[in-house]
Amino acid sequence: MITNLQLKNFTAFTELTIDFSPGINIVIGENGTGKTQLLKAILTLSGPDAWSEQAHEKLANKLCRIYQPLSDKVGDLRRSGTRGNAVLGASFASGQKITAKFSGNATAAKVTPGIGGTPAAALFIPTKEVLSLVRGLTADESHQPTIERIFDDAYLDLAHQLIREGADDLDAKVQLDPRFASIVPRLANLIGGRYELHGGRFCFQPGAYIEKLGASSAATKAAQNFQDSVQKFVPTKAPLLSSGMTAEGFRKIGVLQRLLSNGSLNPGTTGPLLWDEPESNLNPKLMRDLVQALLELARNGQQVILATHDYVLLKWFDLLMDKGKGDQLRFHVLSRDTGTSQVRRDSMDDYRAIDPNAIADTFNELTKEQAARKMGRLGK
């Protein structure tokens with residue numbers, strides 16, 4: 001779990017310090033204010049390359065593979081027009097700290113990790129879905145240099161996490177772990193099935209989790225402890241579909257479903273879940289259930305940090321959060337100072353305190369325009 005991030009003279013940021021909630025963090029801001037760059041900085045600083053014995057070279061290489069500067073040199077990530085080295089720093093809940101510095105012509109970074117061992121690595125879900133790309137990104141016969149020119153390491157890392165082998169019996173996992181009993185069935189029923197790995201590619205199995213009786217004694221006891229009945233996935237008679245034949249919004253939910261199913265995402269154990277624009281290509285009707293699933297993850301110890309442009313997603317978080325259940329929700333607003341054009345950060349725990357709120361302002365403009373046109377028609 002990350003508690004603090006410091007960025008100085010790095011990409012979009014002249015100087016930025018941000019403190020994260022252990023629950024859900026929502027980063028908002030106009031295009032070009034560095035939301036994705038912020039998430040990728042967390043991904044890089046929490047990853048194994050930053051904490052290895054060869055961190056000076058490995059971290060610089062990882063930054064280049066994540067951000068893909070034109071020269072393939074880490075020095076290009078230093079913000080132009082500023083003085084001093086680029087600095088990236090992070091603090092983690094278990095006491096670990098790390099700082100990386102590099103100049104504008106550097107090919108390596110000076111890394112000063114703290115004591116306390118390596119923190120749990122973050123998981124990053126990018127804006128574009130990855131599920132349908134897994135077969136090409138992970139195939140033995142793929143031309144890796146070409147793939148690396150097209151996709152940054154955030155995509156490649158996620159693809160390899162998705163193909164990790166998981167539990168042999170996901171239904172048993174759902175029964176024995178209350179976290180999965182409340183989240184995995186919700187996601188499957190939301191999209192009408194689940195994604196399964198077959199021969200190196202993901203396929204969609206239509207079906208739903210339903211309540212069933214007559215389960216094994218162990219599963220029944222677990223169900224009695226955590227829920228009123230046993231839930232089991234029941235496939236329909238419809239044939240399997242390749243992931244590419246399903247909606248992209250479904251595939252994005254399928255990524256979360258798969259990470260939970262194979263243990264890559266394990267609330268209370270894994271590092272922060274970073275999600276860039278989860279609303280992208282997602283039907284607004286699905287957002288309430290997605291928000292409920294993310295809140296449930298956070299209630300079970302999973303830190304979530306997401307970037308969004310979407311009013312509907314923001315409002316569902318605002319409406320569904322429940323402090324009585326321990327929900328901790330923090331908004332981080334990135335904006336450009338009108339005088340210096342530098343990116344600044346404001347954080348608040350109350351949605352109504354967000355100022356400026358470009359997302360809400362745009363929604364209000366749309367509502368006013370719609371009302372004005374309606375009144376104009378009524379006046380004719």
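## Second largest pocket

The second largest pocket holds about 230 Å³ of space. This is a predicted model, in which local features need pLDDT of at least 70 and side-chain atom pairs count only at pLDDT 80 or more, while totals for chains, interfaces and linings use all residues. Residues are numbered from 1 along each chain as its sequence is written, and side-chain values use heavy atoms, with hydrogens and water left out.

A pocket is an open set of points on a 1 Å grid over the protein atoms alone, where a 1.4 Å probe fits, with protein on both sides within 12 Å along at least five of seven lines; lining residues have an atom within 4 Å of a point. The lining includes Asn61, Arg65, Pro145, Glu148 and Asp152. Helix H2 (55–67) and helix H4 (144–150) each give two or more residues to this lining. By class, the lining has six charged, four nonpolar and two polar residues.

## Packing of H1 and H2

Helix H1 (residues 35–46) packs with H2 at an angle of about 145 degrees, on a scale from 0 to 180 degrees between N-to-C directions, and their axes are 10 Å apart. The crossing is right-handed. In this contact (heavy atoms within 4.5 Å), H1 contributes Gln37, Lys40, Ala41, Leu43 and Thr44, and H2 contributes Leu59, Lys62, Leu63, Ile66 and Tyr67. These residues divide into six nonpolar, two polar and two charged.

## Positive phi values

Most residues other than glycine have a negative phi. Glutamate 277 has a positive phi of about 55 degrees and is placed in the loop between strand E12 (273–276) and helix H10 (287–299).

Serine 341 also has a positive phi, near 65 degrees, and lies in the loop between strand E14 (329–336) and strand E15 (343–348). Serine 341 counts as partly exposed because its relative accessibility is 38%, between the limits of 20% for buried and 50% for exposed (1.4 Å probe, protein chains only).

Definitions and conventions: Grid points are joined across faces, edges and corners, and a volume is the space filled by probe spheres set on the points. Helices (H or I, at least four residues) and strands (E, at least two) are DSSP runs, numbered from the N terminus. Ala, Val, Leu, Ile, Met, Phe, Trp, Tyr, Cys and Pro count as nonpolar, Asp, Glu, Lys and Arg as charged, and the others, Gly among them, as polar. A crossing is left-handed if the near helix is turned anticlockwise from the far one by less than a right angle, and right-handed if clockwise.
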